Amino acid sequence: MDDNRQPVSRTLQGIGVSPGIAAARVLVMKRHAWRAGWRHLPDDHVEKEVERFLLAIRTAGAELAQLREKLAADLADALSIIDSHLLMLKDKMIIERTVAIIRRNSVNAEWALAQALSEIKERFEQIDDRYIRERYADIKHVADRVFGLLTGREHDGLGGDDLPVILVANDFSPEDALRMQAGNVLGFLTEKGGVTSHTAIVARSLNIPAVVGLEHATSILATGDLIILDGRTGQVTLHPEPSEIRRRQEGNRRNHAKADDLDRYIHLASETEDGYVVRLSANIEMRQELPAVLRYGSEGIGLFRSEFDYFQGQEPPSEEQLLATYRQLLETMAPHPVTVRTLDVGGDKFLHSFPGNGAWLDQERNPALGLRSIRFSLYERDLFRIQLRALLRASVYGRLRILLPLVSALNEVRQAKAVIAGVMEQLAEESTPFAANVEIGMMVEVPSAVVMADVFAREVDFFAIGTNDLIQYSLAIDRGNQYVAHLYEPFHPAVLRMIRQTVEAGHASNIPVSLCGEMAGDGLCAPVLMGLGLDELSMRPAVIPRIKRMLRHSRSNELRNLARQTLECEDSERVREFLAATLPHFYPKDFYQS
Amino acid sequence: MTTCASDLVVGNERGIHGRVATRLAEVASEFAVVLQIRRAEETVECSSILDVLSLALVQGSEISVQAVGEQAEAAMAAAAELITAQEDP
């Protein structure tokens, strides 16, 4: 086509799940449906067909081996997935069976492979054990790779070329996600998925910008199209103006240079120039994120969201399953603390497990104010006890802190502590070991908890301020509602005063106060939070080095002055103006473009 | 040639899943032995990860394991460790 017009720039909206900006050409990975046409071969073509199949197997093996080479040695889980895929690729049920079918029926390799695979599928479908049965997905994945090579799929960018790309797909497999670690992937975009999808979690822990849930992305975009992807806002700009790209790419280079400098901070203590310590810990939701937690020098886990285990199957997880997760967290992080938040969801997620309770769930017209979090745990006590048993049994492997979410009244803390005491008694009777000194704390995320913080401080061992919910509840803003989302404002002086009040109440009773929420990892907020006296800030692992650098370039009296002056501002606009004018003097590397 | 055989009980909570089966195949190749698992009437070779998986050995399954080769004893010890351990390798 002879067409000199510049394609018109257009903007698409997805869900931003891993912040950062990437500008690059896209590589669209279409997962072909199995369309293995049957082709009869003349006799003298049969052996050639066998050769063609074996070549595809060797090539697939080489691709996997190459991917394995590029992976960091600390991603043990990932390496072992690839090892098992390599073995499946060489398995006689795939190779020998396919070759036999080609020879016996004089048919093309694609059809023979599809046959072999359906035989394997049949065998696996008879397996009762769900976990093993589901390994069929891996086999299918390996076969897909061979099938793609046989049918001459587009080269998928795995080979030697190192042109940076943004990957676009319906969804990603383990290898796809890991390949992003391998260097030339600047971002990714999927049609499926939400904020808590597996893909999103992997992207955040690898620190790669990602947008998910953009419908029809693989049809709208074609390999080679230039896009700018913003993993924070979820915005994707197709065919951006050249000036726009230059501006963004410039920003990208600076980010890379910054990252190199930040590596130096990973192993340094998290303290100010004058030795004032603020613990910097990680927020995570899967144990698979532990390598990232260690890589970025986190001193503990400030918030483990325990929900993931609950949404893996139809049934809630067993005590043993939960124990395996908690034990790994504690053993890996010891002697640093691991703070596990007990189940923080609404009952609607469990509808299938509690059929008799469907009635009350149907009535929930206001889920944010409904039966959720600690209220749900106290309502479904058996479920709560299973989680507590797993937690307490894990407590001997490290330093455990149990965190109760969404506490709004003293009675809830007392009831929860009574349930915990009951579980401890039961464990003691069974002679099951647990640590007697497990710390029990509460989330401060409901305004009533802030107002009554001095009273709560006498009941618990620590406070964790959850700013995401605290802001929503105190400003009456639903962040998911596009008409009011702009009113969601961390720098609202009311929010800052609530944080100060909670810290003061905690310290008056000699208990530590942490803050977990997006504010903790935000360069503009963090110095103010440090100055407000928080003992611990918990954030996404990847941002820890940057926040640590700010801390190490601070003096404690300066931080306190900064917090004091910030609290004198009468509205959020003044707060932002003040910080924008003040912070660059203290932290030139974070605010000036070098 | 040495032959080693032993009756074992699967210890892993999730049964002989992908990672365990992968390690068993590696043991067979590292020690250059023929490593077989028999459960009731069915016998499979550990070199085929898919065969091993399709036996669907859950925790508590009783199996017979046989290793044949120069290093059968060492291979058997490694295989037994993998099969009976409660932890993932």
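Axes here are lines fitted to C-alpha atoms, for helices over the stretch in contact, and angles run from 0 to 180 degrees between N-to-C directions. With that in hand, the predicted model can be looked at one chain at a time.

In chain A, helix α12 (residues 319-333) sits against helix α15 (residues 381-394), the two axes lying 8 Å apart and meeting at an angle of about 40 degrees. The crossing of α12(A) past α15(A) is right-handed. On the α12(A) side, the contact is built from Glu319(A), Leu322(A), Leu323(A), Tyr326(A), Arg327(A) and Leu330(A). Helix α15(A) answers with Ile386(A), Gln387(A), Arg389(A), Ala390(A), Leu391(A), Arg393(A) and Ala394(A). Sorted by class, that makes eight nonpolar residues, four charged ones and one polar one.

Over in chain B, the picture is of a sheet with a helix on it. Four strands line up in the order β1-β4-β2-β3 (chain B) as an open sheet, and the pairing is antiparallel. Strands β1 (2-9) and β3 (42-45) of chain B sit at the edges, each with pairing on one side only.

One of the residues involved is Thr2(B), whose bridge partner in β4(B) is Gly69(B). Helix α3 (residues 72-84) of chain B then packs on the sheet, touching β1, β2 (34-39) and β4 of chain B. The direction of α3(B) makes about 10 degrees with that of β1(B).

Key:
Residues are numbered from 1 along each chain as its sequence is written. Chains are lettered from A and ligands numbered from 1 in the order in which they are written. This is a predicted model: local features need pLDDT of at least 70, side-chain atom pairs count only at pLDDT 80 or more; totals for chains, interfaces and linings use all residues. Helices (H or I, at least four residues) and strands (E, at least two) are DSSP runs, numbered from the N terminus. A crossing is left-handed if the near helix is turned anticlockwise from the far one by less than a right angle, and right-handed if clockwise. Two residues are in contact if their C-beta atoms, placed from the backbone, lie within 7 Å. Ala, Val, Leu, Ile, Met, Phe, Trp, Tyr, Cys and Pro count as nonpolar, Asp, Glu, Lys and Arg as charged, and the others, Gly among them, as polar. Two strands pair if DSSP finds at least two bridges between them.
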